[in-house]
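Student: Hi! I have just opened this one and would like a tour. Could you walk me through it?

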Amino acid sequence: QSTTSSFMRRPDELILSINVNGDEPGSLASRLGYAVYGAAPEASSVLGLQRYNDVTGGNDNLFSYINGVIYRTSSGVQTGIQAGLLANARAEFRQYLDQLFIVGADSSNNYLTTARIDGTTYSTGGNATGAPRGRFIEVFGNLLYIADVEIGGVRYPDRFYWSSVPSFGNTITWDTSSTSEQSEVIPGEAITGLHANQSVNELLIFKSNSMHAWDGFRIRNIANVGTDVGRSAVTVNYTTFFFKEGIGIYAYNGTVPRLISRKIDKWILGISDPTIAFGGNEMDRYYKLYIGNTTVDGVTYTNCEIRFSLLDNSFTIYSYAENFSVYANHEAGNVVRVYAGTDVGKIHQLAQGADAVYSDDGTAIASEFIFETDMGLPAERKSVDRALIYTTRPQNLTGRIRVRDRNWSTHFPINSDEYEANVNPEDGRFIQWHFSCAQSVQPFKFEGVTFTPHLKTNKYA
């Protein structure tokens with residue numbers, strides 16, 4: 001998955017990877033699928049999604065926001081608990097003091113009234129009384145923060161507020177007066193995101209072109225790079241990742257943000273609508289950035305996610321059967337998984353690990369990957385006429401071969417764990433191998449290829 005020179009790529013690095021991962025060392029496999037977790041109550045986008053582990057009530061459910069209605073998902077059904085809210089608001093939820101707090105706003109800067117859910121009861125009173133309306137919300141330390149706020153009908157996009165310290169009865173108050181000591185201003189651009197990285201003890205405050213940190217006492221300016229999509233900011237294994245439109249994915253662990261996605265620039269620059277991007281955390285090992293449609297080398301890939309592995313610093317592209325609108329983590333069956341809201345109101349549970357889910361809610365998963373080799377002799381012209389392909393589960397995997405930039409030739413179906421193929425490409429310095437599969441069964445497991453090159457005497461021809 002690289003746009004860098006072939007001389008800079010690792011020998012095992014793929015130059016195309018769609019719906020394929022290397023999660024098991026030494027092999028490649030197609031990704032797992034997803035299944036419906038919450039049926040759609042209506043055909044509108046899920047604009048907010050959050051786990052609420054209600055300790056007092058003994059319930060652990062996903063809450064969603066669809067077309068101005070807050071839903072609670074239980075036993076595969078989304079049940080409305082509050083209707084008549086702002087239809088197009090991007091709702092943000094955070095659990096705090098065993099309650100679920102809600103803020104949000106739409107693209108026209110209309111704000112939801114800050115509210116809370118206690119069990120299944122919605123209220124704008126109690127610990128939400130006096131809170132500013134806001135676009136973003138986060139828990140940091142033992143306080144609740146709200147940013148890009150509206151107070152008395154006036155918007156303050158560069159300001160954030162925090163609650164009082166909770167009393168022994170878990171009660172908080174808010175002070176939004178002009179003399180409040182529970183607020184800070186970062187003059188200039190509007191705040192575009194709020195995210196807590198507890199491992200470095202910082203509340204990260206994003207703007208389009210800058211990034212700041214709040215430690216509870218003072219603001220530190222981190223860098224002149226930010227994000228336009230606050231939902232892209234996700235912490236995975238102590239590192240916060242975020243996306244900057246037109247540039248790429250950054251990683252931050254308390255020093256300065258590092259751009260880590262240069263080798264997939266074509267995929268970043270081909271995104272059709274960067275404003276829809278949002279992030280997710282899979283198993284605390286993988287950063288998932290959903291980007292929608294992207295066009296690379298004249299090919300448009302739909303419903304895409306860029307998946308970055310912290311285990312080996314590799315990227316792959318997942319292309320799903322449906323268009324997602326938000327991610328959230330939730331625990332079911334003692335396993336924390338990623339859940340995805342869709343643009344038609346459904347909630348899906350994304351399979352991982354040993355889950356036996358091999359399709360996208362019934363749609364076969366189409367996967368493909370390409371790797372290139374110079375066989376350790378980049379200056380020599382060579383050809384291959386026979387190859388041995390190793391798999392554990394071939395699952396109708398199909399292969400083909402070519403010299404770089406020439407036509408593909410010699411298509412061969414792989415129907416055994418050790419398959420010997422007759423291949424006859426033209427001679428050249430760089431040989432490319434392409435494998436593909438569309439399946440709704442247990443993923444293929446590809447382990448490698450062996451072959452003997454035939455060197456040509458006219459290597460500089």
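Student: Which aromatic rings link into a cluster?

Tutor: Ring pairs connect F369, F371, F412, W433, F435, F444, F446 and F451 into a cluster. Rings of Phe, Tyr and Trp (its six-membered ring) pair if their centres lie within 6.5 Å; planes under 30 degrees apart are stacked, over 60 edge-to-face, and the rest tilted. Keep in mind that this is a predicted model, where local features need pLDDT of at least 70 and side-chain atom pairs count only at pLDDT 80 or more, while totals for chains, interfaces and linings use all residues. Residues are numbered from 1 along each chain as its sequence is written, and side-chain values use heavy atoms, with hydrogens and water left out.

Student: How many aromatic pairs are there?

Tutor: By that ring rule, the count is 33 aromatic pairs. One of them is Y145 with W162, a tilted pair at 5.9 Å centre to centre with 40 degrees between the planes. Y145 belongs to strand β14 (residues 143–151) and W162 to strand β15 (residues 154–162), so to speak a link between distant parts of the chain, 17 residues apart.

Student: Are those two buried or exposed?

Tutor: Both Y145 and W162 are buried. Buried means under 20% relative accessible area, exposed means over 50%, and partly exposed is in between (1.4 Å probe, protein chains only).

Student: What about the pair Y318 and Y320?

Tutor: Their ring centres are 6.2 Å apart and the planes meet at 85 degrees, so Y318 and Y320 are an edge-to-face pair. Both of these tyrosines are buried too.

Student: Which charged end sits over the ring of Y318?

Tutor: That of R31, at 5.7 Å from the ring centre. The rule asks for NZ of Lys or CZ of Arg within 6 Å of the ring centre and within 35 degrees of the ring normal. R159 also lies over a ring face, that of Y156, 4.3 Å from the centre.

Student: Back to β14. Why is it called largely enclosed?

Tutor: Because nine of its nine residues are buried, β14 is largely enclosed by the rest of the structure. Helices (H or I, at least four residues) and strands (E, at least two) are DSSP runs, numbered from the N terminus.

Student: Which strands does β14 pair with?

Tutor: Strand β13 (residues 133–140) pairs with β14 in the antiparallel sense over seven bridges, and six bridges join β14 to β15, also antiparallel. Two strands pair if DSSP finds at least two bridges between them. V149 in β14 stands opposite G134 and also opposite Y156 in β15.

Student: What is in the turns?

Tutor: The hairpin of β13 and β14 has two residues between the strands, and G141 there takes a positive phi near 60 degrees. The hairpin of β14 and β15 likewise has two residues between its strands, with G152 in the turn at a positive phi of about 60 degrees.

Student: New topic: how many residues does the largest nonpolar core have?

Tutor: The largest one has 27 residues, and F241, F243, I249, W267, Y287, L289 and I306 are those with the most contacts inside it. A nonpolar core is a set of buried Ala, Val, Leu, Ile, Met, Phe, Trp, Tyr and Cys residues joined through side-chain atoms within 4.5 Å. Elements giving it two or more residues include β22 (239–244), α1 (265–269) and β27 (299–309).

Student: What does I306 touch?

Tutor: Leaving out residues up to four places away in sequence, I306 touches I249, I264, I268, Y287, K288, L289, I291, F315, T316 and I317. Contact here means heavy atoms within 4.5 Å. A second, separate core of 24 residues includes F369, L397, F412 and I431.

Student: Where does F412 sit among the strands?

Tutor: F412 is in β36, opposite G399. Strand β35 (residues 398–403) and strand β36 (residues 409–413) pair in the antiparallel sense over three bridges. β35 also pairs with strand β38 (residues 431–439), antiparallel over six bridges, where R400 stands opposite H434.

Student: Last one: how many disulfides are found?

Tutor: The search of the whole structure finds zero disulfides, a disulfide being a pair of cysteine sulfur atoms within 2.5 Å. For C304, the nearest cysteine sulfur is that of C437, 18 Å away. C304 counts as buried because its relative accessibility is 0%, and C437 counts as buried at 7%.
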